[in-house]
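Colleague: Please take a close look at the charged side chains for me. Then go on to the strands, the surface and the loops.

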Amino acid sequence: MFKSFCIMKHLYANDLSDHSFIIHREIEEHYLPEIIHSVTGQETVPFGDAVLATKDTCLGSEICEELWTGNSPHIAMSIDGVEIFTNSSASHHVLRKSYLRADLIKTATSKNGGIYLFANQKGCDGDRLYYDGCAMIAVNGHIVAQGSQFSLDDVEVLITTQDLEDVRAYRSDKTSGKLTANEVYPRVHANFTLSLADDVYVPSFQPIQIRFHTPEEEISLGPACWLWDYLRRSSQVRQREIPTAA
């Protein structure tokens, strides 16, 4: 049976200058529409700024540009005990932006440890922007998995096996138990585990060498992938009619 655990609030919009409307670390009950209620059987679901607590770990979520802000949510979440962070992003391609993106993802777990799962949109959305994918997984400041930056595939999945004890040992060594959360995130409890009892001998935490395209490769691959996706989505591949702007 399907179940919705929580709806996370987008804390930082494109205009990062006004945060007066943001209410941190609070949740309220949100009534679900009938189309979801008919599947899950739930009337309401927690909505707001919270984290998901399973039997063996705790997960937090960032959305898109929250990774890029000076006070990213993962900072306070890691101090409050969150070990796994997810980010569903729509980060468009800019020349050489991949370097900064990779540094931010590594930095997110280098100070306080953790596992960071970064997923990025791929393709053209009908405008002039192209989203270049390049999903990544970072553990304790190291990239352990990286997706392709320019690809014609609709979906790409990264899979790694990680040991939560690596995160806990890293934090114990870094902080020596001196960090204490000033404000605690509301926990939405999930009655399941993410780890298995028989995987203790599976090797984990294998850092990889990050692959970066040269500027010339980015200039050739970016527009080509954008054009292909634009034509495919507008069903104009056969006619080869390309709308242009002055």
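Modeller: One term comes up throughout. A residue is buried under 20% relative accessible area, exposed over 50%, and partly exposed in between, judged with a 1.4 Å probe and the protein chains only. Accessible areas come from the Shrake-Rupley method with a 1.4 Å probe, and for residues only the protein chains shown count as cover.

Keep in mind that this is a predicted model: local features need pLDDT of at least 70, side-chain atom pairs count only at pLDDT 80 or more, and totals for chains, interfaces and linings use all residues. Residues are numbered from 1 along each chain as its sequence is written, and side-chain values use heavy atoms, with hydrogens and water left out.

Start with D103. At 40% relative accessibility, D103 counts as partly exposed. Its place is helix α3, residues 97-110. Helices (H or I, at least four residues) and strands (E, at least two) are DSSP runs, numbered from the N terminus. H142 is 39 residues away from D103 in sequence. In space, the two are 9.7 Å apart, C-alpha to C-alpha.

Now the charged pairs. A salt bridge here is a side-chain nitrogen of Lys or Arg within 4 Å of a carboxyl oxygen of Asp or Glu. That rule gives 9 salt bridges. One of them joins R168 and E83, at 2.7 Å from N to O. R168 belongs to helix α4 (residues 164-175), while E83 sits in the loop between α2 (73-79) and β6 (84-89), so this pair ties together parts 85 residues apart in sequence.

R168 has another partner. Its side chain also meets that of E165 in a salt bridge, 2.9 Å from N to O. E165 and R168 are separated by about one helical turn, because they are 3 residues apart in helix α4. With 45% relative accessibility, E165 is partly exposed. Shared partners join the salt bridges of E83, E165 and R168 into one network.

E156 and K122 form a further salt bridge, at 3.8 Å from N to O. This pair links distant parts of the chain, 34 residues apart: E156 in the loop between β11 (142-146) and α4, K122 in strand β8, residues 122-124. E156 is partly exposed at 35% relative accessible area. K122 is buried at 17%.

On to the strands. Two strands pair if DSSP finds at least two bridges between them. β1 runs parallel to β3 (residues 44-48), joined by 2 bridges. β2 pairs with β3 in the antiparallel sense, over 5 bridges. Follow G48 in β3 to see both pairings. M8 stands opposite G48, and G48 is also the bridge partner of I27. Strands of a sheet pair through backbone hydrogen bonds, either parallel or antiparallel.

Next, the surface. Patches are made of residues with over 30% relative accessible area and no salt bridge; like charges are joined within 9 Å, and nonpolar side chains (Val, Leu, Ile, Met, Phe, Trp, Tyr) within 5 Å. V94, L95 and I219 make a nonpolar surface patch of about 260 Å². V94 comes from the loop between β6 and α3. This residue is partly exposed, at 39%.

C134 is not a glycine, yet its phi is positive, near 65°. C134 lies between β9 (130-132) and β10 (136-139). At 3% relative accessibility, C134 is buried. N140 is not a glycine either, and its phi is about 50°. The loop between β10 and β11 holds N140. N140 is buried as well, at 4%.

Last, confidence. pLDDT is the predictor's confidence in each residue, from 0 to 100. The chain has a mean pLDDT of 86, and 87% of its residues reach 70 or more. Residues 16-20 fall below 50, and beyond near neighbours in sequence this stretch has 2 contacts in the model. Contact means heavy atoms within 4.5 Å. Where pLDDT is low, the predicted coordinates should not be read in detail.
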